[in-house]
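Visitor: I've never read a protein structure before. Could you walk me through one, feature by feature?

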Amino acid sequence: MADLLILPVLVPLLGGLLATALPVRSALVGTLAALATSLSGLSITLLVWLHGDLGTVLGGWGVPLGIGLSADGLSAALLAMASLVALAISIYAGSYFAGSAQARHFWPLWLLLWSALNGVFLAADLFNLYVMLELLGLSAAALGALTGKREAIAANLRYLLVGLLGSLTYLLGVALLYTAYGTLDIGLLGERLGPTPIAATALALMVSGLALKTALFPLHFWLPPAHANAPAPVSAALSALVVKASFYLILRLWTELFAPITDIGAATLLGLLGAGAVLWGSWRALRAQRLKLLAAYSTVAQIGYLFLFFPLLASLPPGTARDDLFAACVLMALTHGFAKAGFFLAAGLVQQKAGHDRISELGGVAQRMPATTFSIALAGSALVGLPPSGSFIGKWVLMRGAFETGQWWWLPVTVLGTLLAAAYVFRVLSRAFGLEPTPLQFVTNARTEIPALLLAFASVALLGLAAGPVWAVLGFGAAPA
Amino acid sequence: MSQMLSWTALLPGAIVLSSMLPGAFIFLVKEESHVLRGVLNMFGAIIKLVLVGTLIWGVFLGGVFESRLTIAPGLDLVLHADALSVLFVTLSSVLWLVTTVYAIGYLEHSPNRSRFFGFFSLCVSATVGIALAGNLLTFVIFYEILTLATYPLVAHRGTPEATRGAKIYLAYTMGGGVALLVGAVWLRALTGPVDFVEGGVLSGMASTLHPQLIAIFLLLLLGLGVKAALVPLHGWLPQSMVAPAPVSSLLHAVAVVKAGAFGIVRVVYDVYGVDFAAELGLLIILGVWASLTIVYGSVKALTQDGLKTRLAYSTVSQVSYIALGASILGPVATIGGMVHLVHQGIMKITLFFCAGNYAETLGVHKVSQMDGVGRRMPWTTLAFTVGALGMIGIPPIAGFVSKWYLGLGAVEAGQHWVLLVLAASTLLNAGYFLPILYKAWFRPPPDAWPNEHRFESRFETMGALLWPPVITAAFCLIAGLLAAAPFSPLEWATLIARREYGL
């Protein structure tokens, strides 16, 4: 059963090769591969939910030598989100790129990216993680430059270099650990790791490398231009999925591998950077003139929220309260995945229809595309953290944790971030109520509008009203009543 | 398990869904499908009324109705019907049906009706959710949904003024929502899940926590005060009058402002407990604040020439009667506050319907244009007169009953200053309503109305516009005349007071 772990990595890889070999049929091959990848990812999640953690070693070699894959609750949760979001992006992309030469390049790169993403979620040793991260960064930068426009290429070249710098810094940390402890397997390392200067240096290197890749303030400078200039399906994938991969690694390393040496001081530093991200990202989103730039800055802010959880997690002993916080952090990451993907896909439709995405001139288009505007509204309310969305639940638990641990200073950050987010979301939505001609029906192009709408809806209704499965997959039982 | 799925556990949820699901479908309805949209609207409204009828009977007999959905461990969405929720649920459901009829007539031939009715249904669902919320988390969730669902209705016209009004509305309510959220989370962190229980849950808290509890109360009051339009948090309400008349009628006379007032009542009685709130000195803060709002709103109303803005300031003033009732310790004042929740609703909705009729039929938007409207539109003006006299507190109209009980309760509690507030407010109410009535009935009509529409109707205006205010005006009279009849608002408020004080 654990051998199935290879499928979410292998299926998109093969699909990508096939799409390269059959460029004329790339859209069909790509869509089918996307469906298969999504199913394999979801079945892994289901297996973890039902049977607990899975692990396997490829090629029959033992743990220190072979390529290990493993899936626990955290990987399963992110894998499920990635499977659903990427499937929706694929369906959307089939129509978005229809009849365009970009389709040929899109599908192989997109499937490669997906394979690397799943690889990050499933890899069990630090070196394989590096390989997957590197692949992810390369394919992401290539996809981002797909339009071939000058600003897209400039932004993504920078993205590529930043990504390389990030992964190399991470690799340096990995090398330090290997010299000191002689293994790269996360499980084995966890048993051997102690509070030594080498371990602390490795932690600092790895986390800062990954923070650069996940665009934690003030290392976020590369993200807005790269995400805002990519084609819409790619922007969605970059913002919703790719930055989550490095965040996932930080969370995993911080709370598991380096748990013996991470203390409240270091966690507070991450929290402070997160707070900076929330405020600065939201402020810049509010000032943005273009819809996709707004969405990109909103990603910077949303990543910031995730880091606010670290100091709270650090000051709580293991128990229900800490489990709740951890689950809420994951829930916010998942909600952001759905919401931001939905937002970018809808923004892409607006951009296609209007020929631009300048917010101040979007009135008529927003009014002619009710389903798309509705998606932006739903996804936007999840970004603000309004109920009933997953991020509302996340923020509720976050604020409760801030009160319970006495770290009340995170509250003004959350409150201010929420108000700023409301301001930037409704700056867009207010354009949709004008005197322009009105639509005669809700949905105009089902194949592109429905995926965006479903993603946005999932971030609100699914994750906001039924967040229980996130707790269950993570292995946190129901709290005593 | 069988008990989990019994109808008593499904009913509150079904009441919320009975407007939410039709609302979701209405978004998908094509603009020109009037019949389908009308059927969905009326279907939802009537089903809801039937369900609410069942609920009233069940709660009267002492049944327990609770729907519970676990969002995540320790976070439950609870819909629980007690006597207080039934009062608000019934008010919203009955007035929703009436307003739906009115809105279908009012918006005939105007664009974006699917969007309008979709959000309209969501608003009512949110209001009912607020009424039925069984804990603070659920209350916060529906309170915010109400904000979100009302925004498109205020902005509906699409004019620059509408956009501006909606923006102001959003700025106020979002700020209030965040204050409420912080207060709710703080309380949750102190005490665990905060379920609403008749008589309150906090009186057993250690006295070292009292300063924190006072701070939390003020935060909650700040959040709720925005929607309840307590001065100076009322600024959004006159601005929101750019919305179409059905929105002003149902939402800004009933649903939204009542959501705030209802929340205040919930917090005072079912979270803090009225005795404990008095012990902390919180009631006096609330009472003074409400009194200031009552007087301020009335004074401002005197100077407004726009009919809807005058009514809006009147709402500012009148809604605070509910908070005033909650701030006086004693069952009689409680009855006065609770019953005013219903009475103010039916009187104010009548007035707004009439204002909409004047605007739609004659193009009359200002008080100064109202000379002689009584001759042109006698039935509408009759309904307006009933509502206005009720607001002043003339017997036997509903408003008199509220004021009587509030005054009696104040005397009983030894707080005689409240009588002064009531007397001043009554004089001011008369000051801004009687001139309108005089102009409407006794001044000669102008040669031409500003913008007159002739409807193909036997009556003074379209039937769908005329009947709703006539019916709600009849409610105002019945609620006053038959105040002592079983299931009248007054009797139900008495039931609530008995249960809150454990009498």
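Guide: Let's start with contacts: two residues are in contact if their C-beta atoms, placed from the backbone, lie within 7 Å. In chain A, among contacts with a separation of 6 or more, 81% are between residues 24 or more positions apart. Before we go on, this is a predicted model, where local features need pLDDT of at least 70 and side-chain atom pairs count only at pLDDT 80 or more, while totals for chains, interfaces and linings use all residues. Residues are numbered from 1 along each chain as its sequence is written, and chains are lettered from A and ligands numbered from 1 in the order in which they are written.

Visitor: What share do residues at least 24 apart have among the contacts in chain B?

Guide: In chain B the figure is 81%, taken over contacts between residues at least 6 apart in sequence.

Visitor: How many helices and strands does chain A have?

Guide: Helices (H or I, at least four residues) and strands (E, at least two) are DSSP runs, numbered from the N terminus. Chain A has 19 helices and two strands. Chain B also comes to 19 helices and two strands.

Visitor: What is the radius of gyration of chain B, and what does the globule rule give?

Guide: The radius of gyration is taken over C-alpha atoms, and the globule rule is 2.2 Å times the number of residues to the power 0.38. For the 503 residues of chain B the rule gives 23 Å and the model has 22 Å, so chain B is as compact as a globular protein of that length. Its C-alpha trace spans about 70 × 55 × 45 Å along the principal axes of chain B. The C-alpha trace of chain A spans about 65 × 55 × 45 Å along its principal axes.

Visitor: How much of chain A is buried?

Guide: A residue is buried if 20 or more other C-beta atoms lie within 10 Å of its own, exposed if 12 or fewer, and partly exposed in between. By that count, 62% of the 481 residues of chain A are buried, and in chain B it's 61% of 503.

Visitor: Why does Ser75(A) count as buried?

Guide: Because Ser75(A) has 26 C-beta neighbours inside 10 Å. You'll find Ser75(A) in helix 3 (residues 73-96) of chain A. Skipping neighbours within four places in sequence, Ser75(A) is in contact with Phe121(A) and Leu122(A). Now try Ser282(A), in helix 11 (residues 264-287) of chain A: it has 27 C-beta neighbours inside 10 Å, so Ser282(A) counts as buried.

Visitor: Which residues touch the most other members of the largest nonpolar core?

Guide: The general idea is that in soluble globular proteins, nonpolar side chains tend to be buried together. A nonpolar core is a set of buried Ala, Val, Leu, Ile, Met, Phe, Trp, Tyr and Cys residues joined through C-beta atoms within 7 Å. Here the largest one has 392 residues, and Val85(A), Leu113(A), Val120(A), Leu87(B) and Cys123(B) touch the most other members. Helix 13 (residues 320-354) of chain A gives the largest share of this core, 20 residues. Leaving out residues up to four places away in sequence, Leu87(B) touches Met338(B), Leu341(B), Val342(B), Trp492(B), Ala493(B) and Ile496(B).

Visitor: How far apart should the ends of helix 4 of chain B be?

Guide: The expected span of a helix is 1.5 Å times one less than its number of residues. Helix 4 (residues 113-132) of chain B has 20 residues, so it should span 28 Å, and its end C-alpha atoms are 28 Å apart, which agrees. As for cover, 20 of its 20 residues are buried in helix 4 of chain B.

Visitor: How do strand 1 and strand 2 of chain A pair?

Guide: Two strands pair if DSSP finds at least two bridges between them. Strand 1 (residues 54-58) of chain A joins strand 2 of chain A through five bridges, in the antiparallel sense. Thr56(A), for instance, stands opposite Leu69(A) in strand 2. Four of the five residues of strand 2 (residues 67-71) of chain A are buried, so this strand is largely enclosed by the rest of the structure.

Visitor: How many residues does each chain bring to the contact?

Guide: Chain B brings 37 residues and chain A brings 34. Helix 6 of chain B gives the most to chain B's side, with 11 residues.
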